[in-house]
Amino acid sequence: MQGLVLLYVGAVLFINGLSMLGRIAPKEAAIMNVFAGGLSLFVSLHGAAGGQHGAIRTAAFGLLFAFTYLWVAYVHWSGQDGRGLGWFSLFVALTAALVAGDGFARARDATGYGLAACWAAWVLLWLGFFVIGALGRKAWTRPVAWLAIAQSVLTAWLPGYLMLTGRLAA
């Protein structure tokens, strides 16, 4: 199910990047955040229900995405300033850095190294959300928006598509 989630993470990162650039209204972008967050929540909880350590680990990290997108939707709909989301993004970035480090240490093939590189890239993105949201550095919005758009393709949509078509192992 990782390919399924990544495909829609790609969509939501693309939409959020466009929203940050002012090309899509935040309230309109919120619907994609609800969908991607809800899908990631469902897949993560479904995976964790089996009770196996590996599935629970995957679910725990998947929930980082789920709650990020659900919180983005809330901020868009409620008009909140996003400071809480910014601080959550710091927590997620620090966790993602550990996941990336573990991934590189355990990688034995191109897929393992590629997934670790995705986590490393997501560290930068979540740090960008922290700087914009928690620290209020609005000048960072445009570069972080373009980073979200680039990562939507390189770290989510394309790997998700390749997994769904059997060209990349999940």
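1. Let me start with W71, which at 32% relative accessibility counts as partly exposed; the scale here is buried for under 20% relative accessible area, exposed for over 50%, and partly exposed in between, with a 1.4 Å probe and protein chains only. W71 lies in helix α3, residues 53-78. Helices are DSSP runs of H or I with at least four residues, numbered from the N terminus. Setting aside residues up to four places away in sequence, W71 touches G84, L85 and F88, where contact means heavy atoms within 4.5 Å. W71 and S89 are 18 residues apart in sequence, and their C-alpha atoms are 10 Å apart in space.

2. A word on what you are looking at: this is a predicted model, in which local features need pLDDT of at least 70 and side-chain atom pairs count only at pLDDT 80 or more, while totals for chains, interfaces and linings use all residues. Residues are numbered from 1 along each chain as its sequence is written, and side-chain values use heavy atoms, with hydrogens and water left out.

3. Now for the charges. Side chains of opposite charge can pair when their charged atoms come close. How many salt bridges does the count come to? The count comes to one salt bridge, taking a side-chain nitrogen of Lys or Arg within 4 Å of a carboxyl oxygen of Asp or Glu as the rule. R83 pairs with D81, and the closest N and O atoms are 2.6 Å apart. D81 is partly exposed, with a relative accessible area of 45%.

4. Helix α1 is worth a visit at several places. G3 lies in this helix, which covers residues 2-20, and G3 counts as buried at 5% relative accessibility. Apart from residues up to four places away in sequence, G3 touches G160, M163 and L164. Eleven residues along the chain from G3 is F14, and the C-alpha atoms of the two are separated by 17 Å.

5. G17 also lies in helix α1. Is G17 buried or exposed? G17 is buried, with a relative accessible area of 0%. Leaving aside neighbours within four places in sequence, G17 is in contact with A145, A148 and I149. G17 and T141 are 124 residues apart along the chain, yet their C-alpha atoms are separated by 9.2 Å.

6. A11 is another residue found in helix α1, and at 25% relative accessibility A11 counts as partly exposed. A11 and M32 are 21 residues apart in sequence and 7.7 Å apart in space, C-alpha to C-alpha.

7. On the surface, V153, L154, W157, L158 and Y161 form a nonpolar patch with about 450 Å² of accessible area together. Patches are made of residues with over 30% relative accessible area and no salt bridge, with like charges joined within 9 Å and nonpolar side chains (Val, Leu, Ile, Met, Phe, Trp, Tyr) within 5 Å. The areas come from the Shrake-Rupley method with a 1.4 Å probe, and for residues only the protein chains shown count as cover. Y161 is found in helix α6, residues 141-164, and is partly exposed with a relative accessible area of 36%.

8. The largest pocket holds about 930 Å³ of space. Of the 36 residues that line this pocket, the closest to its centre are Q2, R57, T58, L115 and W119. The elements giving two or more residues to the lining are α1, α2 (26-48), α3, α4 (83-106), α5 (110-133) and α6. Which element gives the most to the lining of the largest pocket? That is α5, with nine residues.

9. For the terms: on a 1 Å grid over the protein atoms alone, a cavity is a set of points where a 1.4 Å probe fits but cannot get out, and a pocket is an open set with protein on both sides within 12 Å along at least five of seven lines; lining residues have an atom within 4 Å of a point. Grid points are joined across faces, edges and corners, and a volume is the space filled by probe spheres set on the points.

10. The count comes to one cavity of 30 Å³ or more, and about 50 Å³ of space lies in the largest cavity. Its lining is made of L13, F65, T68, Y69, W122, L125, W126 and F129. The elements giving two or more residues to that lining are α3 and α5, and α5 gives the most, with four residues.
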